Amino acid sequence: MLPQILAIPAAILFVIFTFIIFLKPRHKDWNSTKKLPPGPKPLPIIGNIHILGKLPHRTLQALAIKYGPIMSLKLGQVPAVVISSPEFAELFLKTHDMVFASRPKLQLVEITFGRKGLVFTEYGGYWRNVRKLCIMQLLSASKIEMFAPLRKKELGLLVNTLKKASDSCEVVDLSEFIGEVVENITYNIILGRSKDDRFDIKGLIHEIMNLIGTFNVGDYGLKRRTMKAFKAVNEALDQIINDHEHSSSVESPQCNKDFIDILLSYMNQPMDPHDHEQRHIVGRANIKAIILDMIAGAFDTSKTAIEWGMSELIKNPTTMKKLQNEIEALVGIKRQVEEKDLNKLPYLDMVVKEILRLYPVGPLLVPHESLEDVTINGYFIEKNTRIMVNAWAIGRDLRVWSENCDLFFPERFENNDVDVKGRDFRLIPFGSGRRGCPGTNMGLTTTKIVLAQLVHCFSWELPLGMSSKDLDMTEDSGLAIPRSKHLLATPTYRLLGDEA
Ligand code: HEM
């Protein structure tokens, strides 16, 4: 018999022992389902934010070499998972796409239009309706084709200006010209007019997007700056909508309607005509939020891709020549290349893929958020985890792209069917799945036609005394990782005649 004094501890030990013996298998299961992906140790309040640096896609690529293609981080108190391989990207964006189809509630986005637009709106009925509307009314194949004359007109103006610079052998700021032509194309499609000198919408959107893209923990300086930029952009959009309301009282024919006119025709009506419960009625704030997202989505992306593309082509004259030869063989040198020619230019296609592989303009896509607890490959991912997919690291993964993965070499796409539109997880500059970019075709069309035109109409040289080795290819921080220094070059007109 045990002495009385030992009876109670013995009973407790017995219960613990029984619990361990009988419940061990379940406990093990529970443990393994809660196994988090490996990652660097977070600090108490800021988590891992301090290690991300100015170019988080590069820091995260280096960390993935140490911790693997699925990695845990803490952004402040928010759990985050970073994906850096095509296999895990497929698991997150295809196999479990539905679980990761939401967006995190970002503090700085809440200061702007909140979740009334498309890019940062949580997964659900409202997001689905807005996305459907944008695709139908702005981003479908027929709408893209409808805007071809508009792109042609803007590019014609650009070629004329550059031709004058060519006549006087001037060095031009190519970054500035590319920015301007994409800005004008975007404004014409969405706002129905060229750049409006009353407001600097581009500058304000840059400011807001860069602030939103900053990893921060409750930085009130950022909050104040976002509020200021938002107030200005909100007033500009109000003014632009007012202009449309006044001009549309003079009934314009259907074919002259720009995207704002179309959105205004939905005003005070349900976004989805089949929504008999009238859950999502379109108001002015919804319209402004959608316009802002479309401009932001269309502008920096194509501009940055073209800018990096021209930098690489000028740096690699053999590739430039090969592209010029391909276009010349198809269209000659008496007329300009047109959009109808684009699908007959396979080398241009390879060049654009290579640009987007090395310079995916959303290197970490847009953050996704998990809608429920889920276990993937044995790793537990809790509800509301922020998911970042490092498309930049995937595009430079040497397992996939071989030893020359950092080189600009479009020929790597010869005789293979790597798709750039989200079906092949080795190359995902547009993301993939439910949240994949709805503007993929419009972005590709703009990028291709502007590049083709610049390369076909002109030969390009770096400013006198500068060799291709001297061309600074440093990236700047910001959502779309633009060049840190503007691209300067001298154009020489190479077409016969004055068609421009
Ligand atoms: C070269 C051009 C472009 C690139 C590389 C690009 C890239 C991307 C990427 C990486 C995403 C995030 C995908 C994800 O989170 O999984 C995205 C989303 C988005 N893009 Fe694009 N994009 C381009 C052009 C455009 C254009 C022209 C528009 C519209 C006019 C546009 C509108 C959007 C919108 C609205 C979203 C958010 C979709 C959602 O959350 O449901 N993009 N884009």
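## Packing of helix 14 on helix 18

Helix 14 (residues 317-331) packs against helix 18 (residues 440-457) at an angle of about 95°, and their axes are 9 Å apart. That makes helix 14 roughly perpendicular to helix 18; angles of 65 to 115 degrees count as roughly perpendicular, under 35 as roughly parallel, over 145 as roughly antiparallel and the rest as oblique. Axes are lines fitted to C-alpha atoms, for helices over the stretch in contact, and angles run from 0 to 180 degrees between N-to-C directions. Helices (H or I, at least four residues) and strands (E, at least two) are DSSP runs, numbered from the N terminus.

Helix 14 brings Met 320, Leu 323, Gln 324 and Ile 327 to the contact, and helix 18 brings Ala 452, Val 455 and His 456. Two residues are in contact if their C-beta atoms, placed from the backbone, lie within 7 Å. By class, the residues of this contact are five nonpolar, two polar and no charged. Ala, Val, Leu, Ile, Met, Phe, Trp, Tyr, Cys and Pro count as nonpolar, Asp, Glu, Lys and Arg as charged, and the others, Gly among them, as polar.

## Basis of the model

This is a predicted model, in which local features need pLDDT of at least 70 and side-chain atom pairs count only at pLDDT 80 or more, while totals for chains, interfaces and linings use all residues. Residues are numbered from 1 along each chain as its sequence is written.

## Surroundings of the ligand

There are 26 residues around the ligand, and Gly 297, Gly 431, Cys 437, Gly 439 and Gly 443 come nearest. A residue is near a molecule or strand if its C-beta atom, placed from the backbone, lies within 6 Å of it. Helix 6 (125-139), helix 13 (284-315) and helix 18 are the elements that give two or more residues to this shell. Helix 13 supplies the largest share, seven residues. The shell has 14 nonpolar, nine polar and three charged residues.

Four strands make an open sheet of mixed pairing, in the order 1-2-7-4. Two strands pair if DSSP finds at least two bridges between them. Strand 1 (70-75) and strand 4 (368-369) are at the edges with a single partner strand each, so one side of each is left without a neighbour in the sheet.

Strand 1 and strand 2 (residues 78-83) run antiparallel and are joined by six bridges. Met 71 has Val 82 of strand 2 as its bridge partner. Helix 4 (residues 86-95) packs on the sheet and touches strand 1, strand 2 and strand 7 (386-389), its direction making about 135° with that of strand 7.

Another open sheet has three strands in the order 3-9-8, with antiparallel pairing. Strand 3 and strand 8 (458-461) are its edge strands, each pairing on one side only. Four bridges link strand 8 to strand 9 (residues 488-493) in the antiparallel sense. The bridge partner of Trp 460 in strand 9 is Pro 491. Helix 8 lies across strand 3, strand 8 and strand 9, at about 90° to strand 9.

## Two residues with positive phi

Cys 169 lies in the loop between helix 8 (148-167) and strand 3 (172-173). Its phi is near 50°, a positive value in a residue other than glycine. Cys 169 is exposed, with 11 other C-beta atoms within 10 Å. A residue is buried if 20 or more other C-beta atoms lie within 10 Å of its own, exposed if 12 or fewer, and partly exposed in between, with C-beta atoms placed from the backbone.

Ser 402, in the loop between helix 17 (398-401) and helix 18, has a positive phi of about 70° although it is not a glycine. Ser 402 counts as exposed, with 11 C-beta neighbours inside 10 Å.
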